Amino acid sequence: MGLILAFVRVLFLTLLLVWFADAGANNGYRVFNVKKFGAVSDGKTESSKAFLKAWTEACRWHGRAMVLIPGGVYILDSVLFLGECNGFLLGGGGTLDGEGYKYWNRSDCLRNHNCHPLAISLRLEFIQNGRVSHIRSINSQNAHVSLFGCVNLNMSNLRLSAPGDSPNTDGIKIGSSEEIQISKTRIGTGDDCVAILSGSKNIHISQVQCGPGHGISVGSMGGKGSLTESVVGVTVRDCTFNGTSDGARIKTWASSTTGFASNFIYENIRMMNVGNPIIIDQDYCPYPPCDMKNPSRIQIKDITFNNIWGTSESDVAVTLNCSRTVPCKNIRLKDINLFHGSGGSVSSLCSNVRGTSYGRQKPPSCL
């Protein structure tokens with residue numbers, strides 16, 4: 001089943017194409033133009049019903065089908081697109097504008113668990129064998145893109161942007177998904193450029209430019225309300241971090257939740273004035289005070305940092321702060337060349353970690 005939730009208030013579009021096909025059908029190819037279903041591209045008229053009608057008719061078509069959104073500015077409320085649509089493709093160069101600047105001052109969900117979450121611009125749920133490319137998202141209220149329950153989804157040539165101080169505006173959030181590829185993408189936000197959450201497996205990220213933002217993060221893991229969590233198989237390579245608070249980051253809460261994060265590779269990565277270029281933080285606490293009585297029980301193991309270079313904004317360029325209950329295992333540092341942006345030296349910090357280091361080590365390895 002393919003489920004798409006598009007939570008946007010304003011949708012600026014220039015020839016945005018939504019295409020999907022039933023691989024088992026042999027009928028002809030058909031275009032479903034949203035304007036023929038009543039959509040108006042004047043930037044004033046609400047067109048959610050017209051978009052939904054076009055989608056519904058296209059999904060009913062027994063053959064290859066395309067939903068066409070001609071150039072223009074369309075106003076949409078929250079819309080749910082649901083259907084048994086295989087071979088999903090979203091592309092065409094359009095822009096999603098969440099007008100987040102109207103709502104960011106209401107974002108208090110990290111402090112208030114009874115809050116009403118702001119809208120995510122594009123939610124893709126239970127998509128199999130799909131592609132998303134050449135889409136732009138600006139000023140999302142919450143995350144720009146959220147993936148849940150997706151398998152074999154390829155995302156490329158995306159441009160996701162919001163101010164560096166905009167709250168909770170993650171670029172791409174991934175949960176309970178596998179075989180996800182993200183490439184050739186620029187992300188600048190007020191939160192994680194990419195956040196990889198529990199249940200994710202075999203996530204491949206390459207040629208991503210991140211900044212501003214909080215880096216490419218696994219986690220946070222081990223928060224309240226879960227019994228066990230896992231993330232397995234993450235590759236981040238050939239990426240650049242520019243002016244981010246963090247670079248390659250793994251974060252877990254101090255809690256009784258069990259689980260593991262394993263088989264990660266970060267390699268060929270350039271850091272440009274990054275606050276924490278390499279960081280494992282198993283005492284994650286974004287808004288103190290936090291309950292630190294129970295150390296994290298998330299086992300982090302089999303992690304490689306290879307060929308990472310550039311400048312750090314902090315004196316500690318490599319932080320491996322692991323759990324005293326389940327210390328990190330098999331952490332490998334190879335060819336690390338980091339120095340302070342001001343030209344000074346930097347250091348590394350290790351706590352409850354077991355591993356090895358090879359090749360150049362600047363700062364000197366604490367393993």
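Guide: In this predicted model, the torsion about the S-S bond of Cys 350 and Cys 366 is about 65 degrees, so their disulfide is right-handed. The pair links distant parts of the chain, with Cys 350 in strand S29 and Cys 366 in the segment after strand S30, 16 residues apart.

Visitor: What makes the link of Cys 350 and Cys 366 a disulfide?

Guide: The two sulfur atoms are 1.9 Å apart. A disulfide requires cysteine sulfur atoms within 2.5 Å, and Cys 350 and Cys 366 are therefore counted as one.

Visitor: Why is Cys 350 called partly exposed?

Guide: Its relative accessible area is 23%.

Visitor: Why is Cys 193 called buried?

Guide: Buried means under 20% relative accessible area. Cys 193 has 0% and therefore counts as buried. Its disulfide partner is Cys 210, with the sulfur atoms 2.1 Å apart. Cys 210 has 3% relative accessibility, so Cys 210 also counts as buried.

Visitor: How do you know that the sulfur of Cys 239 is too far from the closest cysteine sulfur for a bond?

Guide: The closest cysteine sulfur, in Cys 210, is 8.5 Å away. The cut-off for a disulfide is 2.5 Å, so that distance is too far for a bond. Cys 239 itself counts as buried, at 2% relative accessibility.

Note on methods: Residues numbered from 1 in each chain as written. Predicted model: local features only at pLDDT ≥ 70, side-chain atom pairs only at ≥ 80, totals over all residues. Heavy atoms only, no water. Buried < 20%, exposed > 50% of the residue type's maximum accessible area, 1.4 Å probe, protein only. Helix = DSSP H or I, 4+ residues; strand = E, 2+ residues; numbered from the N terminus.
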